[in-house]
Amino acid sequence: MYRTLLSITSTCLLAGNLFAESRSIDADSLIQFALENHLYLQVAESETEAARQQTLQAGTLPDPEVSWGYFLERMDSRQTLSVRQGFPWPGTLSSQRETSRLRGEAAEAIYELRRLEIARSVRDAYWQWAFAFEELKLLRRHAALVQPMIEVVESRVANDRARTSELLRMELLLDRLEDSIDSQTASIDVAASRLKRAMGLPVDSPFDLRPGRSLWDEIGKKEVSGELPLGHPLFQSFLYGERAAEEAERSTRYGNRPGWMLGAEWMDNAGPARDEVMVMVSFNLPVWRERNTAAVAESRARTRSARAQRADAEAEWHDQWNRSFREYEDARRKVDRFQNRLIPRAEDALEAEIEAYRSGRGDLVSLLETQRLLLDLEREALGARLDLQLTVVSLRYLRGETATKSSTPTPSF
(Lines give C-alpha, C1' and ligand atoms only; values in the text may rest on other atoms or scores of the structure.)
Protein backbone atom coordinates (compact mmCIF):
# COMPACT_ATOMS: atom_id res chain seq x y z
CA MET A 1 0.00 0.00 0.00
CA TYR A 2 2.77 2.43 0.93
CA ARG A 3 4.58 1.95 -2.37
CA THR A 4 1.33 2.38 -4.30
CA LEU A 5 0.66 5.68 -2.54
CA LEU A 6 4.27 6.71 -3.07
CA SER A 7 4.01 6.09 -6.81
CA ILE A 8 0.70 7.91 -7.13
CA THR A 9 1.75 10.99 -5.15
CA SER A 10 5.11 11.25 -6.90
CA THR A 11 3.42 11.14 -10.28
CA CYS A 12 0.88 13.74 -9.22
CA LEU A 13 3.54 16.09 -7.91
CA LEU A 14 5.62 15.84 -11.05
CA ALA A 15 2.61 16.24 -13.33
CA GLY A 16 0.92 18.95 -11.29
CA ASN A 17 1.50 22.66 -10.98
CA LEU A 18 4.47 22.42 -8.60
CA PHE A 19 6.81 24.19 -11.01
CA ALA A 20 4.72 24.01 -14.16
CA GLU A 21 5.57 27.51 -15.37
CA SER A 22 9.32 27.22 -14.72
CA ARG A 23 11.85 26.17 -17.30
CA SER A 24 14.36 23.51 -16.33
CA ILE A 25 18.05 24.38 -16.56
CA ASP A 26 21.29 22.54 -15.94
CA ALA A 27 24.42 23.80 -14.21
CA ASP A 28 26.56 24.04 -17.35
CA SER A 29 24.16 26.53 -18.95
CA LEU A 30 24.34 28.74 -15.88
CA ILE A 31 28.13 28.40 -15.80
CA GLN A 32 28.32 29.54 -19.41
CA PHE A 33 26.24 32.61 -18.55
CA ALA A 34 28.49 33.36 -15.57
CA LEU A 35 31.66 33.03 -17.66
CA GLU A 36 30.27 35.55 -20.12
CA ASN A 37 28.84 38.08 -17.66
CA HIS A 38 30.37 37.81 -14.17
CA LEU A 39 31.97 41.06 -13.00
CA TYR A 40 34.57 39.13 -11.01
CA LEU A 41 35.79 37.57 -14.24
CA GLN A 42 35.74 40.94 -15.98
CA VAL A 43 38.06 42.26 -13.27
CA ALA A 44 40.45 39.34 -13.84
CA GLU A 45 40.26 39.90 -17.60
CA SER A 46 41.14 43.59 -17.16
CA GLU A 47 44.07 42.66 -14.93
CA THR A 48 45.28 40.25 -17.61
CA GLU A 49 45.02 42.95 -20.27
CA ALA A 50 46.96 45.33 -18.02
CA ALA A 51 49.71 42.72 -17.61
CA ARG A 52 49.75 42.21 -21.38
CA GLN A 53 50.22 45.94 -21.94
CA GLN A 54 53.02 46.02 -19.37
CA THR A 55 54.81 43.36 -21.39
CA LEU A 56 54.70 45.64 -24.45
CA GLN A 57 56.30 48.46 -22.42
CA ALA A 58 59.07 46.43 -20.82
CA GLY A 59 62.53 45.96 -22.25
CA THR A 60 62.66 49.16 -24.29
CA LEU A 61 65.34 51.82 -24.24
CA PRO A 62 64.64 54.96 -22.24
CA ASP A 63 63.36 57.89 -24.24
CA PRO A 64 66.15 60.01 -25.80
CA GLU A 65 66.76 63.46 -24.40
CA VAL A 66 66.75 66.52 -26.68
CA SER A 67 67.79 69.94 -25.38
CA TRP A 68 68.18 73.39 -26.90
CA GLY A 69 70.08 76.32 -25.43
CA TYR A 70 70.44 80.01 -26.27
CA PHE A 71 73.06 82.34 -24.78
CA LEU A 72 71.45 85.57 -23.58
CA GLU A 73 74.55 87.59 -22.62
CA ARG A 74 77.68 88.37 -24.62
CA MET A 75 76.92 85.42 -26.92
CA ASP A 76 73.43 86.52 -27.87
CA SER A 77 73.72 85.05 -31.32
CA ARG A 78 74.88 81.57 -30.25
CA GLN A 79 72.65 78.52 -29.67
CA THR A 80 73.13 74.82 -29.02
CA LEU A 81 71.19 71.63 -29.75
CA SER A 82 72.00 68.29 -28.14
CA VAL A 83 70.65 64.74 -28.26
CA ARG A 84 71.37 61.99 -25.71
CA GLN A 85 70.37 58.34 -25.54
CA GLY A 86 70.92 56.08 -22.52
CA PHE A 87 71.87 52.39 -22.76
CA PRO A 88 71.71 49.90 -19.85
CA TRP A 89 74.13 47.05 -19.30
CA PRO A 90 73.86 44.37 -22.04
CA GLY A 91 71.18 41.83 -21.19
CA THR A 92 69.16 44.16 -18.97
CA LEU A 93 66.44 44.92 -21.51
CA SER A 94 65.94 41.30 -22.57
CA SER A 95 65.75 40.27 -18.91
CA GLN A 96 63.13 42.95 -18.23
CA ARG A 97 61.11 41.81 -21.25
CA GLU A 98 61.22 38.20 -20.08
CA THR A 99 60.22 39.16 -16.54
CA SER A 100 57.22 41.09 -17.81
CA ARG A 101 56.25 38.29 -20.20
CA LEU A 102 56.31 35.70 -17.40
CA ARG A 103 54.21 37.95 -15.19
CA GLY A 104 51.76 38.25 -18.05
CA GLU A 105 51.62 34.45 -18.33
CA ALA A 106 50.98 34.25 -14.59
CA ALA A 107 48.12 36.75 -14.99
CA GLU A 108 46.67 34.62 -17.81
CA ALA A 109 46.82 31.55 -15.57
CA ILE A 110 45.11 33.45 -12.75
CA TYR A 111 42.38 34.45 -15.19
CA GLU A 112 41.82 30.78 -16.06
CA LEU A 113 41.84 29.95 -12.36
CA ARG A 114 39.11 32.55 -11.78
CA ARG A 115 37.02 30.83 -14.47
CA LEU A 116 37.41 27.54 -12.62
CA GLU A 117 36.45 29.17 -9.32
CA ILE A 118 33.31 30.65 -10.86
CA ALA A 119 32.37 27.26 -12.33
CA ARG A 120 32.87 25.62 -8.95
CA SER A 121 30.82 28.30 -7.15
CA VAL A 122 27.95 27.96 -9.63
CA ARG A 123 27.96 24.15 -9.37
CA ASP A 124 28.00 24.30 -5.56
CA ALA A 125 25.13 26.78 -5.48
CA TYR A 126 23.24 24.82 -8.16
CA TRP A 127 23.26 21.60 -6.13
CA GLN A 128 22.27 23.47 -2.96
CA TRP A 129 19.38 24.90 -4.98
CA ALA A 130 18.47 21.46 -6.33
CA PHE A 131 18.65 20.08 -2.79
CA ALA A 132 16.05 22.63 -1.64
CA PHE A 133 13.72 21.53 -4.45
CA GLU A 134 14.25 17.85 -3.67
CA GLU A 135 13.52 18.39 0.01
CA LEU A 136 10.33 20.26 -0.84
CA LYS A 137 9.23 17.33 -3.03
CA LEU A 138 10.01 14.95 -0.17
CA LEU A 139 7.95 16.94 2.33
CA ARG A 140 5.01 17.25 -0.06
CA ARG A 141 5.11 13.56 -0.78
CA HIS A 142 4.97 12.73 2.92
CA ALA A 143 2.17 15.24 3.44
CA ALA A 144 0.25 13.53 0.64
CA LEU A 145 0.89 10.16 2.31
CA VAL A 146 -0.39 11.36 5.69
CA GLN A 147 -3.80 12.35 4.30
CA PRO A 148 -4.92 8.73 3.58
CA MET A 149 -3.62 7.77 7.03
CA ILE A 150 -5.87 10.47 8.54
CA GLU A 151 -8.81 8.95 6.69
CA VAL A 152 -8.02 5.58 8.22
CA VAL A 153 -7.96 7.12 11.72
CA GLU A 154 -11.23 8.97 11.06
CA SER A 155 -12.82 5.70 10.04
CA ARG A 156 -11.62 4.00 13.22
CA VAL A 157 -12.83 6.90 15.39
CA ALA A 158 -16.24 6.80 13.71
CA ASN A 159 -16.48 3.07 14.54
CA ASP A 160 -15.33 3.65 18.16
CA ARG A 161 -12.17 1.68 17.46
CA ALA A 162 -9.85 4.64 18.15
CA ARG A 163 -9.75 7.68 20.39
CA THR A 164 -10.26 11.24 19.15
CA SER A 165 -6.77 12.10 20.41
CA GLU A 166 -5.33 9.77 17.78
CA LEU A 167 -7.03 11.79 15.06
CA LEU A 168 -5.71 14.98 16.61
CA ARG A 169 -2.16 13.63 16.58
CA MET A 170 -2.42 12.74 12.91
CA GLU A 171 -3.73 16.23 12.12
CA LEU A 172 -0.87 17.75 14.10
CA LEU A 173 1.56 15.68 12.09
CA LEU A 174 0.06 17.01 8.87
CA ASP A 175 0.21 20.59 10.20
CA ARG A 176 3.90 20.18 11.01
CA LEU A 177 4.60 18.88 7.53
CA GLU A 178 2.72 21.78 5.96
CA ASP A 179 4.69 24.23 8.11
CA SER A 180 7.92 22.59 6.98
CA ILE A 181 6.73 22.91 3.38
CA ASP A 182 6.18 26.66 3.83
CA SER A 183 9.66 27.04 5.35
CA GLN A 184 11.19 25.00 2.56
CA THR A 185 9.65 27.31 -0.03
CA ALA A 186 11.54 30.17 1.59
CA SER A 187 14.70 28.03 1.57
CA ILE A 188 14.36 27.66 -2.19
CA ASP A 189 14.31 31.45 -2.54
CA VAL A 190 17.44 31.73 -0.39
CA ALA A 191 19.19 29.06 -2.44
CA ALA A 192 18.18 30.81 -5.67
CA SER A 193 19.64 34.08 -4.36
CA ARG A 194 22.90 32.29 -3.57
CA LEU A 195 22.94 30.82 -7.07
CA LYS A 196 22.31 34.21 -8.66
CA ARG A 197 25.20 35.67 -6.68
CA ALA A 198 27.48 32.86 -7.87
CA MET A 199 26.43 33.63 -11.45
CA GLY A 200 27.00 37.36 -11.03
CA LEU A 201 23.30 38.21 -11.34
CA PRO A 202 21.72 41.03 -9.32
CA VAL A 203 19.61 39.67 -6.47
CA ASP A 204 16.44 41.28 -7.85
CA SER A 205 16.81 39.63 -11.29
CA PRO A 206 13.89 37.39 -12.31
CA PHE A 207 14.75 33.72 -11.95
CA ASP A 208 11.81 31.63 -13.10
CA LEU A 209 13.82 28.43 -13.43
CA ARG A 210 13.98 25.01 -11.83
CA PRO A 211 16.82 22.48 -11.71
CA GLY A 212 17.09 20.28 -14.76
CA ARG A 213 19.34 17.86 -12.89
CA SER A 214 18.38 15.77 -9.88
CA LEU A 215 20.51 14.84 -6.92
CA TRP A 216 19.54 11.25 -7.70
CA ASP A 217 21.06 11.31 -11.19
CA GLU A 218 23.80 8.77 -11.63
CA ILE A 219 27.36 10.02 -11.54
CA GLY A 220 29.50 8.77 -14.39
CA LYS A 221 32.98 7.42 -13.86
CA LYS A 222 34.38 10.18 -16.06
CA GLU A 223 33.30 12.78 -13.50
CA VAL A 224 35.42 11.32 -10.71
CA SER A 225 38.34 9.72 -12.54
CA GLY A 226 41.30 10.99 -14.48
CA GLU A 227 44.92 11.90 -14.05
CA LEU A 228 45.89 14.92 -12.01
CA PRO A 229 46.52 17.68 -14.58
CA LEU A 230 49.99 19.18 -14.56
CA GLY A 231 48.66 22.13 -16.55
CA HIS A 232 46.14 23.20 -13.91
CA PRO A 233 45.93 27.03 -13.82
CA LEU A 234 46.78 26.98 -10.11
CA PHE A 235 50.10 25.28 -10.90
CA GLN A 236 50.73 27.49 -13.90
CA SER A 237 50.18 30.74 -12.01
CA PHE A 238 52.70 29.83 -9.32
CA LEU A 239 55.15 28.34 -11.82
CA TYR A 240 55.17 31.49 -13.95
CA GLY A 241 55.39 33.58 -10.79
CA GLU A 242 58.48 31.66 -9.71
CA ARG A 243 60.13 32.04 -13.12
CA ALA A 244 59.28 35.74 -13.19
CA ALA A 245 60.90 36.17 -9.76
CA GLU A 246 64.04 34.38 -10.96
CA GLU A 247 64.24 36.58 -14.04
CA ALA A 248 63.60 39.71 -11.96
CA GLU A 249 66.54 38.70 -9.76
CA ARG A 250 68.73 38.47 -12.85
CA SER A 251 67.44 41.84 -14.05
CA THR A 252 68.30 43.38 -10.66
CA ARG A 253 71.86 42.13 -10.95
CA TYR A 254 72.13 43.69 -14.41
CA GLY A 255 70.70 46.93 -13.07
CA ASN A 256 73.53 47.19 -10.54
CA ARG A 257 76.10 47.34 -13.34
CA PRO A 258 77.18 50.53 -15.11
CA GLY A 259 74.99 51.98 -17.81
CA TRP A 260 76.10 54.59 -20.29
CA MET A 261 74.78 57.42 -22.41
CA LEU A 262 75.80 58.50 -25.89
CA GLY A 263 75.09 62.01 -27.12
CA ALA A 264 75.95 64.69 -29.62
CA GLU A 265 75.84 68.46 -29.26
CA TRP A 266 75.83 71.02 -32.05
CA MET A 267 76.78 74.66 -31.37
CA ASP A 268 75.91 77.42 -33.78
CA ASN A 269 78.75 79.94 -33.72
CA ALA A 270 78.17 83.56 -34.72
CA GLY A 271 80.38 85.23 -37.25
CA PRO A 272 82.93 83.58 -39.47
CA ALA A 273 83.75 80.79 -36.96
CA ARG A 274 82.71 77.31 -37.93
CA ASP A 275 79.90 75.58 -36.05
CA GLU A 276 81.04 73.08 -33.46
CA VAL A 277 79.89 69.47 -32.98
CA MET A 278 80.72 67.53 -29.81
CA VAL A 279 80.24 63.80 -29.16
CA MET A 280 79.66 62.77 -25.52
CA VAL A 281 79.90 59.49 -23.66
CA SER A 282 78.97 59.23 -19.97
CA PHE A 283 78.73 56.41 -17.44
CA ASN A 284 76.84 55.98 -14.20
CA LEU A 285 78.85 54.39 -11.42
CA PRO A 286 76.97 52.08 -8.98
CA VAL A 287 79.20 53.00 -6.05
CA TRP A 288 76.51 52.73 -3.32
CA ARG A 289 77.18 49.08 -2.66
CA GLU A 290 74.95 48.81 0.40
CA ARG A 291 71.88 49.84 -1.58
CA ASN A 292 72.79 47.63 -4.54
CA THR A 293 73.49 44.63 -2.32
CA ALA A 294 70.15 45.12 -0.56
CA ALA A 295 68.34 45.24 -3.91
CA VAL A 296 69.89 41.92 -4.94
CA ALA A 297 69.09 40.38 -1.55
CA GLU A 298 65.49 41.58 -1.84
CA SER A 299 65.06 40.01 -5.29
CA ARG A 300 66.68 36.79 -4.08
CA ALA A 301 64.25 36.63 -1.14
CA ARG A 302 61.30 37.16 -3.49
CA THR A 303 62.55 34.27 -5.61
CA ARG A 304 62.73 31.99 -2.55
CA SER A 305 59.22 33.09 -1.56
CA ALA A 306 57.82 32.36 -5.03
CA ARG A 307 59.50 28.95 -5.07
CA ALA A 308 58.10 28.07 -1.65
CA GLN A 309 54.61 29.27 -2.63
CA ARG A 310 54.63 27.04 -5.70
CA ALA A 311 55.74 23.98 -3.72
CA ASP A 312 53.16 24.67 -1.01
CA ALA A 313 50.38 25.15 -3.60
CA GLU A 314 51.21 21.80 -5.20
CA ALA A 315 51.21 20.04 -1.83
CA GLU A 316 47.91 21.69 -0.89
CA TRP A 317 46.37 20.76 -4.23
CA HIS A 318 47.34 17.08 -3.86
CA ASP A 319 45.99 17.08 -0.30
CA GLN A 320 42.68 18.56 -1.49
CA TRP A 321 42.45 15.93 -4.21
CA ASN A 322 43.02 13.08 -1.74
CA ARG A 323 40.56 14.52 0.79
CA SER A 324 37.90 15.15 -1.84
CA PHE A 325 38.26 11.66 -3.25
CA ARG A 326 38.01 10.08 0.22
CA GLU A 327 34.95 12.22 0.95
CA TYR A 328 33.45 11.12 -2.37
CA GLU A 329 33.95 7.44 -1.52
CA ASP A 330 32.44 7.92 1.94
CA ALA A 331 29.43 9.78 0.54
CA ARG A 332 28.99 7.07 -2.09
CA ARG A 333 29.02 4.41 0.66
CA LYS A 334 26.37 6.30 2.64
CA VAL A 335 24.16 6.80 -0.41
CA ASP A 336 24.31 3.12 -1.28
CA ARG A 337 23.49 2.14 2.29
CA PHE A 338 20.47 4.44 2.45
CA GLN A 339 19.12 3.53 -0.97
CA ASN A 340 19.72 -0.21 -0.91
CA ARG A 341 19.20 -1.09 2.73
CA LEU A 342 17.83 1.48 5.18
CA ILE A 343 15.08 3.20 3.19
CA PRO A 344 13.61 0.02 1.65
CA ARG A 345 13.42 -1.56 5.12
CA ALA A 346 11.79 1.58 6.56
CA GLU A 347 9.26 1.55 3.71
CA ASP A 348 8.42 -2.08 4.47
CA ALA A 349 8.05 -1.25 8.15
CA LEU A 350 5.71 1.68 7.44
CA GLU A 351 3.59 -0.41 5.07
CA ALA A 352 3.31 -3.11 7.76
CA GLU A 353 2.36 -0.54 10.41
CA ILE A 354 -0.33 0.96 8.17
CA GLU A 355 -1.85 -2.44 7.48
CA ALA A 356 -1.65 -3.40 11.16
CA TYR A 357 -3.34 -0.18 12.26
CA ARG A 358 -6.02 -0.51 9.60
CA SER A 359 -6.83 -4.04 10.77
CA GLY A 360 -6.82 -3.02 14.44
CA ARG A 361 -3.69 -4.94 15.37
CA GLY A 362 -1.35 -1.96 15.55
CA ASP A 363 -1.16 1.24 17.53
CA LEU A 364 -0.82 4.84 16.37
CA VAL A 365 2.40 5.55 18.27
CA SER A 366 4.29 2.89 16.36
CA LEU A 367 2.80 4.13 13.11
CA LEU A 368 3.88 7.73 13.78
CA GLU A 369 7.37 6.72 14.87
CA THR A 370 7.82 4.61 11.76
CA GLN A 371 6.62 7.43 9.51
CA ARG A 372 8.97 9.87 11.24
CA LEU A 373 11.83 7.39 10.94
CA LEU A 374 11.26 7.04 7.21
CA LEU A 375 11.16 10.82 6.75
CA ASP A 376 14.39 11.24 8.71
CA LEU A 377 16.11 8.51 6.72
CA GLU A 378 15.02 10.00 3.41
CA ARG A 379 16.26 13.42 4.51
CA GLU A 380 19.60 11.94 5.54
CA ALA A 381 19.81 10.12 2.23
CA LEU A 382 19.13 13.39 0.42
CA GLY A 383 21.88 15.08 2.45
CA ALA A 384 24.28 12.26 1.60
CA ARG A 385 23.40 12.66 -2.05
CA LEU A 386 24.13 16.38 -1.81
CA ASP A 387 27.51 15.63 -0.19
CA LEU A 388 28.23 13.23 -3.02
CA GLN A 389 27.50 15.84 -5.69
CA LEU A 390 29.54 18.51 -3.88
CA THR A 391 32.58 16.24 -3.69
CA VAL A 392 32.25 15.66 -7.43
CA VAL A 393 32.21 19.45 -7.88
CA SER A 394 35.49 19.68 -5.93
CA LEU A 395 37.07 16.92 -8.00
CA ARG A 396 36.04 18.59 -11.24
CA TYR A 397 37.53 21.88 -10.05
CA LEU A 398 40.78 20.17 -9.09
CA ARG A 399 40.89 18.52 -12.52
CA GLY A 400 40.48 21.90 -14.19
CA GLU A 401 36.97 21.51 -15.67
CA THR A 402 34.91 24.62 -16.30
CA ALA A 403 31.79 23.66 -18.25
CA THR A 404 30.87 20.91 -20.66
CA LYS A 405 28.43 21.10 -23.56
CA SER A 406 24.97 21.79 -22.16
CA SER A 407 21.72 20.20 -23.22
CA THR A 408 19.82 23.42 -22.44
CA PRO A 409 20.45 26.85 -24.01
CA THR A 410 22.29 29.55 -22.08
CA PRO A 411 19.63 31.71 -20.42
CA SER A 412 19.33 35.46 -20.81
CA PHE A 413 18.23 37.67 -17.93
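Tutor: Contact means heavy atoms within 4.5 Å of each other. This is a predicted model, where local features need pLDDT of at least 70, side-chain atom pairs count only at pLDDT 80 or more, and totals for chains, interfaces and linings use all residues. Residues are numbered from 1 along each chain as its sequence is written, and side-chain values use heavy atoms, with hydrogens and water left out.

Student: Among contacts between residues at least 6 apart in sequence, what share joins residues at least 24 apart?
Tutor: Take the protein's contacts between residues at least 6 apart. Those that join residues at least 24 apart make up 83%.

Student: How many helices and strands does the protein have?
Tutor: Both are DSSP runs numbered from the N terminus: helices are H or I, at least four residues, and strands are E, at least two. From the N terminus on, the order is α-β-α-α-β-β-α-α-β-α-β-β-α-α. The total is eight helices and six strands.

Student: What percentage of the residues in the protein is buried?
Tutor: Buried means under 20% relative accessible area, exposed over 50%, partly exposed in between (1.4 Å probe, protein chains only). The protein has 413 residues. Its buried share is 41%.

Student: How much of the accessible surface belongs to carbon and sulfur atoms?
Tutor: Areas come from the Shrake-Rupley method with a 1.4 Å probe; for residues, only the protein chains shown count as cover. The protein's accessible surface comes to about 23300 Å². Carbon and sulfur atoms hold 51%.

Student: Which element gives the most to the nonpolar patch?
Tutor: Patch residues have over 30% relative accessible area and no salt bridge; like charges are joined within 9 Å, nonpolar side chains (Val, Leu, Ile, Met, Phe, Trp, Tyr) within 5 Å. Here V66, W68, Y70, L72, L81, V83, W266 and V277 share about 860 Å² of accessible area. With three residues, the top contributor is β2.

Student: Is Y70 buried or partly exposed?
Tutor: Y70 sits in strand β2. Its relative accessibility is 41%, so Y70 counts as partly exposed.

Student: What is the relative accessible area of D182?
Tutor: D182 belongs to helix α5. D182 is exposed because its relative accessible area is 54%.

Student: What is the relative accessible area of Q184?
Tutor: Q184 is also placed in helix α5. Beyond neighbours within four places in sequence, Q184 touches A132, E135, L136 and L139. Q184 is buried because its relative accessible area is 8%.

Student: What is the relative accessible area of R169?
Tutor: R163, R169, R176 and R372 gather in a surface patch of positive charge (charges placed at NZ of Lys, CZ of Arg, CG of Asp or CD of Glu). R169 lies in helix α5 (residues 164-199). R169 counts as partly exposed because its relative accessible area is 40%.

Student: Which side chain of opposite charge is nearest to E265?
Tutor: E265, in strand β5 (residues 260-268), is buried and has no salt bridge. A salt bridge puts a side-chain nitrogen of Lys or Arg within 4 Å of a carboxyl oxygen of Asp or Glu. Leaving aside neighbours within four places, E265 contacts T80, L81, S82, R84, E276, V277, M278 and M280. At 4.3 Å, the nearest side chain of opposite charge is R84.

How values were computed:
Lys, Arg positive; Asp, Glu negative; His and termini not counted.
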